[in-house]
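Please prepare a briefing on the backbone geometry, sheet pairing, helix packing and ligand surroundings of the model shown below.

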Amino acid sequence: MNNRQLFLQHVAQTSDAPLALEIVKAEGMYMWDADGKQYMDLIAGISVCNVGHCHPKVVKAIQDQAQQYMHLLVYGEFVQSPQVSFAKLLTDHLPNQLNCVYFTNSGAEAVEGAMKLAKRFTGRTNIAAFNRSYHGSTQGALSILGDEYWRNAFRPLLPGIQHLEYNNFESLEQITSQTAAVIAESVQAEGGVNPPNLEWMKALREKCTATGTLLILDEVQCGLGRNGTLWAFEQLGIVPDILILGKALGGGMPLGAFIASKEIMWTLTNTPVLGHITTFGGHPVNCAAGRAGFQALLEEELIPQVKAKEQIFLQHLKHPAIKAVRSVGLMMAVELESFEVNKKTIDYCIAHGVLTDWFLFAAECMRIAPPLVITEEEIIAACKIICEGLDVVTK
Ligand SMILES: Cc1ncc(COP(=O)(O)O)c(C=O)c1O
């Protein structure tokens, strides 16, 4: 059997139609398959590789740390310098009240931790989330996920969850002094890139403050420069009580985090002690990689270029089959007529060496979320292939 057959046979599958490309090398904007074919990565491993694949400083940090030590003991016991210095670096770049980092293995685990923290801090049990939001696949994250089709097969889920309408002022009335937390994506990603109305976001912040409810912002997908600022919430004019990060946080390695004030975070330390623990969360190699990736993101001044690169995409994504393009920085959804048109165009792009994808709750939208290192020439080349694909598919 070849590797593809072994993959289908022995590696658990998530759908009956995986892409099943066999990539043997990746660097910067590109990946190469076993036949030497090159692919331009327009989705950055789903918003992970913000500084590009295998950034040399990230690779070096991994090598150096792996030679020093890897796993030592469960999270929270030893002083591990990669964790400490990354937590310090992150909090140096956050508002004062977001000064304490709990590292996890993934975005979903950070969501779980944030939900538990909010319950613990407020002594309340209800959590409000939004329709068309995605927060991960574990059962707590699934309970707050904003689409009944994906939730339903896994019931019973957590009780006390309310689903509200994003950008809807009236739905804020459902947030009360019973609500432990409201969790929202700073920009809804899997809904097909839905940015919040700024007035609504302000009203949400005010309602949470007035009811003693914690506001949790999930920036797993939109944070770390993708929207054109280091944190997406900078563009919203508010600060959350808890910030959730993942994906690009590890520079290509698995790492998530929930970040709050020391005062809020302290409630996880007692009654019960060890109420939230993890073996591998904040793995030293992953923290070293994340720190190097974060530094590269800042040193290479990638974030100030994001808005200009977004404009180049917008200029070149012109085709009669494109109904709309929604974007916040380099997080873009190209809306087409149907999933069929989208899927055929995606297949054309992949066949022509450009990797793209669709969205979980917006299957008619093509995902564009490239590494932030993408150049003007690469943007133009990618848009040309997408438009050629649309010509062929819709002719
Ligand atoms: C906004 C958002 N939150 C949370 C998650 C869950 O992250 P993970 O897949 O690392 O568990 C995702 C993953 O796509 C996400 O997009």
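In the hairpin of β1 and β2, where two residues lie between the strands, Gly-28 takes a positive phi near 60°, and in the hairpin of β2 and β3, with four residues between the strands, Gly-36 takes a positive phi near 85°. Helices (H or I, at least four residues) and strands (E, at least two) are DSSP runs numbered from the N terminus, and two strands pair if DSSP finds at least two bridges between them. This is a predicted model, in which local features need pLDDT of at least 70 and side-chain atom pairs count only at pLDDT 80 or more, while totals for chains, interfaces and linings use all residues. Residues are numbered from 1 along each chain as its sequence is written.

- Four strands form an open sheet in the order β1-β2-β3-β13, and the pairing is mixed.
- β1 (23–27) and β13 (354–355) stand at the edges with a single partner strand each, so one side of each is left without a neighbour in the sheet.
- β1 and β2 run antiparallel and are joined by four bridges, with Lys-25 standing opposite Trp-32 in β2.
- Strand β2 (residues 30–33) pairs with strand β3 (residues 38–41) in the antiparallel sense over three bridges; here Met-31 stands opposite Tyr-39 in β3, and the bridge partner of Trp-32 in β3 is Gln-38.

**The antiparallel sheet and the helix across it**

- A further open sheet consists of four strands in the order β11-β12-β15-β14, with antiparallel pairing.
- Its edges are β11 (324–327) and β14 (357–359), each with a single partner strand, so one side of each is left without a neighbour in the sheet.
- The twist in this sheet averages 35° from one strand to the next, where axes are lines fitted to C-alpha atoms (for helices over the stretch in contact) and angles run from 0 to 180 degrees between N-to-C directions.
- Strand β12 (residues 332–335) and strand β15 (residues 362–368) pair in the antiparallel sense over four bridges, and Glu-335 has Cys-365 as its bridge partner in β15.
- Helix α12 (residues 339–351) lies across β14 and β15, and runs at about 30° to β15.

**Helix packing around α13**

- Helix α11 (residues 306–316) and helix α13 (residues 376–394) pack at an angle of about 30°, with their axes 9 Å apart.
- That angle makes α11 roughly parallel to α13, given that angles under 35 degrees count as roughly parallel, over 145 as roughly antiparallel, 65 to 115 as roughly perpendicular and the rest as oblique.
- α11 passes α13 in a right-handed crossing; a crossing is left-handed if the near helix is turned anticlockwise from the far one by less than a right angle, and right-handed if clockwise.
- Lys-309, Ile-312, Phe-313 and His-316 of α11 make the contact with Glu-376, Ile-379, Ile-380 and Cys-383 of α13, two residues being in contact if their C-beta atoms, placed from the backbone, lie within 7 Å.
- The residues of this contact of α11 with α13 divide into five nonpolar, one polar and two charged, where Ala, Val, Leu, Ile, Met, Phe, Trp, Tyr, Cys and Pro count as nonpolar, Asp, Glu, Lys and Arg as charged, and the others, Gly among them, as polar.
- α12 and α13 pack at an angle of about 125°, with their axes 9 Å apart, and are therefore oblique to each other.
- The crossing of α12 and α13 is right-handed.
- On the α12 side, Val-341, Lys-344, Thr-345, Tyr-348 and Cys-349 meet residues of α13 including Ile-385, Ile-386, Gly-389 and Leu-390.
- The contact of α12 with α13 comprises eight nonpolar, three polar and one charged residues.

**Surroundings of the ligand**

- The ligand is surrounded by 15 residues, of which Ser-106, Gly-107, Ala-108, Gly-136 and Val-220 are the closest; a residue counts as near if its C-beta atom, placed from the backbone, lies within 6 Å of the molecule.
- Helix α5 (residues 107–122) gives the most to this shell, with three residues.
- By class, the shell around the ligand holds six nonpolar, seven polar and two charged residues.

**Backbone exceptions in loops**

- Most residues other than glycine have a negative phi, and most peptide bonds are trans.
- Arg-132, in the loop between β5 (126–130) and α6 (139–144), has a positive phi near 65° although this residue is not glycine.
- The peptide bond from Arg-155 to Pro-156 is cis, with omega near 5°, and Pro-156 lies in the loop between α7 (148–152) and β6 (161–164).
- Thr-271 and Pro-272 are joined by a cis peptide bond with omega about 5°, and Pro-272 lies in the loop between α9 (262–266) and α10 (284–299).
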